[in-house]
Amino acid sequence: MKAAPVVLTIHAVDARGEEGVTADAATFAELLCRPVHVVTSLLLVGASGGASLEALSPALVARQLETLSGDLRPSAARTGILTDAAQVAEIAALLAARVAGPVVVAPVARVAGNRITDDATIEASRKLLFPIADVVLVRAGDLGVVIGERPQDLEGMLRAAAAVRALGARAALVAGGAFLGRMLDVLDDGGRTSIFDASRIAAPRVAGLAGAHAAALTAFLAR
């Protein structure tokens, strides 16, 4: 029997389990992958919606990275919440040295409506992580932070996906654009575009949906 592929998530710990390594591990396991993780920080989201982020020390992050060898060498990896530009540089070096397969970069700028990632961290991600990514997945609502423009229609999403890919990734996926009762995702894969269009469903907020999307994409690429 073929061993399950090892899939790495580099992300925060969320005490509520809605984001971060716990949620990613559940998605990886459901898709028949073996989850491993590097914890970057502790994410705290209050009952009233406020969010705060506490970074782990660089030494502790580095010690986690050192364990990823032998039978734990990942077949694919995804990044989530990173805390500062120095941590981004450290993670970029890890991915180049220790991950043999696809890399999904999914920057998280906001949690529960609160900005948690500063401009320097986003800029470091653009310079160091986007160029080594097989796919950069950006939530449509975060495009204003990531590229400085938030699209207002499908044409804007197509331009945004092209702009993200132009930063060096092989492909860019802009997810969750809501226009005129539709939900749109746009994939720009090496200049070839695909549009995923569905009716918007009137339902309560589904916690962790964007993170599950990134984790599932990474698991399927690993497989």
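Let's start with how this chain is held together: of the contacts between residues at least 6 apart in sequence, 69% join residues at least 24 apart. The model is predicted, and its chain contains seven helices and 11 strands.

**Overall dimensions**
- A compact globule of 223 residues would have a radius of gyration near 17 Å, and the chain agrees, with 17 Å.
- Taken along the principal axes, the C-alpha atoms fill a box of roughly 50 × 40 × 35 Å.
- Buried residues account for 43% of the 223 residues.
- The accessible surface comes to about 10,600 Å², and carbon and sulfur atoms contribute 55% of that.

**The sheet**
- Nine strands form an open sheet with mixed pairing, in the order β3-β2-β1-β4-β5-β8-β9-β10-β11.
- The edges belong to β3 (51–55) and β11 (192–199); each has a single partner strand, so one side of each lacks a neighbour in the sheet.
- On average, neighbouring strands of this sheet are turned by 20 degrees against each other, direction ignored.
- β2 (residues 34–45) pairs with β3 in the antiparallel sense over five bridges, and Ser 41 stands opposite Ala 55 in β3.
- Helix α1 (residues 20–30) lies across β1 (6–14), β2 and β4, and runs at about 150 degrees to β1.

**A look at Thr 83**
- You will find Thr 83 in the loop between β4 (76–79) and α3 (85–98).
- Its relative accessible area is 16%, so Thr 83 counts as buried, the cut-off being under 20%.
- Leaving aside residues up to four places away in sequence, Thr 83 touches Thr 40, Ser 41, Leu 53, Ala 55 and Thr 121.

Key
Residues numbered from 1 in each chain as written. Predicted model: local features only at pLDDT ≥ 70, side-chain atom pairs only at ≥ 80, totals over all residues. Heavy atoms only, no water. Helix = DSSP H or I, 4+ residues; strand = E, 2+ residues; numbered from the N terminus. Buried < 20%, exposed > 50% of the residue type's maximum accessible area, 1.4 Å probe, protein only. Contact = heavy atoms within 4.5 Å. Pairing = 2+ DSSP bridges. Axes fitted to C-alpha atoms, helices over the stretch in contact; angles between N-to-C directions. Rg over C-alpha atoms; globule rule 2.2 N^0.38 Å. Areas by Shrake-Rupley, 256 points an atom, 1.4 Å probe, with all protein chains shown as cover.
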